[in-house]
Amino acid sequence: VLITIAALGTIASRFIEPLTPADTTRQPPNPLRETVGNLKLLFDNRPLFRAAIGEAFFWFLASMATSAITLMGNEVLGLSQIKTGMLAIALVLGVGTGSVLAGLMSGGKVELGLVPLGGTLIALGALALYWFTADVDPTNPATQLAAVWPAAGSLVVLGLGAGFFIVPLVAFQQDRSQRKTRGRILAAANFVSFSMMIVSAVMFY
């Protein structure tokens, strides 16, 4: 399955129209020096830097939540690996729906006002998830079964908030960065985000 998906992706990439580089004077970069330069460029633009920190915080929580969902499904709810995957699907369903709604509610512009709404929904979804699973007895299948659907619903709400939270932040970075430096800004933001995901994994384990 994975090989088929990879092959289809490779074929689809052939139909992407080549674009002219925004900065044709740039030479092949030194990875370390380029990363440091990109981070400095991002830090010097405080609005974009704050948006990047918000995005990094989101991916920190998302990475930790993914690991926690697997652990919760197996050890608390007593679900098999496949059924635990259904909880992840509930989260992804929420994220997808929230992302689409965020785009529609933005009305063709960057709407940072959706970020607090997303944060609130994330908090409510997380609290609901804790509420529905806190009293589950891992030795009692009845309590485990009763908590599965409420847990899935809580994850949908959490994912819905995640969509509202992340979409405006990413759109803001793309909209407010200059075309000539946009790639460097996004590269620096991604570096910060993935660094926080690594920190999340270390903290979780």
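Okay, some ground rules before we dig in. It's a predicted model, so local features need pLDDT of at least 70 and side-chain atom pairs count only at pLDDT 80 or more, while totals for chains, interfaces and linings use all residues. Residues are numbered from 1 along each chain as its sequence is written, and side-chain values use heavy atoms, with hydrogens and water left out.

So, the overall picture. The protein chain has 7 helices and 0 strands, and reading along the sequence you get α-α-α-α-α-α-α. The C-alpha trace spans about 65 × 40 × 35 Å along its principal axes. There are 205 residues in the chain, and 30% of them count as buried. By buried I mean under 20% relative accessible area; exposed is over 50%, and partly exposed is in between, with a 1.4 Å probe and protein chains only. On contacts, meaning heavy atoms within 4.5 Å: among those between residues at least 6 apart in sequence, 79% join residues at least 24 apart.

Now, the pockets. Rolling a probe the size of a water molecule over the atoms shows where empty space is left. The search runs on a 1 Å grid over the protein atoms alone; a pocket is an open set of points where a 1.4 Å probe fits, with protein on both sides within 12 Å along at least five of seven lines, and a lining residue has an atom within 4 Å of a point. Grid points are joined across faces, edges and corners, and the volume is the space filled by probe spheres set on the points.

The largest pocket comes out at about 650 Å³. It has 29 lining residues, and the closest to its centre are Leu61, Ala62, Ala65, Leu91 and Leu158. Which helices supply at least two residues each of that lining? Helix 3 (46-76), helix 4 (81-106), helix 5 (114-133) and helix 6 (141-176). Helix 3 gives the largest share, 12 residues. By class, the lining has 22 nonpolar, 7 polar and no charged residues. For the classes, Ala, Val, Leu, Ile, Met, Phe, Trp, Tyr, Cys and Pro are nonpolar, Asp, Glu, Lys and Arg are charged, and the others, Gly among them, are polar.

The second largest pocket holds about 360 Å³. Here 15 residues do the lining, with Lys83, Met86, Leu87, Val148 and Trp149 nearest the centre. Helix 4 and helix 6 each put in at least two. The class count for this one is 12 nonpolar, 2 polar and 1 charged.

In soluble globular proteins, nonpolar side chains tend to be buried together. A nonpolar core, for us, is a set of buried Ala, Val, Leu, Ile, Met, Phe, Trp, Tyr and Cys residues joined through side-chain atoms within 4.5 Å. The largest one has 30 residues, and Leu42, Leu77, Leu87, Leu155 and Phe165 touch the most other members. Helix 3, helix 4, helix 5, helix 6 and helix 7 (182-204) each give two or more residues to this core, and the largest share, 11 residues, is from helix 6. Not counting residues up to four places away in sequence, leucine 87 touches Ile69, Met72, Gly73, Leu77, Leu79, Val148, Ala152 and Leu155.

Threonine 84 sits in helix 4 and is buried at 5% relative accessibility. Leaving aside neighbours within four places in sequence, threonine 84 is in contact with Ile69, Thr70, Gly73, Asn74 and Leu79. Serine 193 is in helix 7, buried at 2%, and touches Glu55, Ala56 and Trp59, again not counting residues up to four places away.

Last topic, salt bridges. Side chains of opposite charge can pair when their charged atoms come close. The cut-off is a side-chain nitrogen of Lys or Arg within 4 Å of a carboxyl oxygen of Asp or Glu. How many does the structure hold? It holds 3. Lysine 40 and aspartate 44 meet at 3.1 Å, N to O; they are 4 residues apart in helix 2 (residues 31-44), so about one helical turn separates them. Lysine 40 is exposed at 54%, and aspartate 44 is exposed at 53%. Lysine 109 pairs with glutamate 111, closest N and O atoms 4.0 Å apart, and glutamate 111 is partly exposed at 26%. Finally, arginine 176 bridges to aspartate 175 at 3.6 Å; arginine 176 is exposed at 54%, while aspartate 175 is partly exposed at 49%.

That's my tour, thanks.
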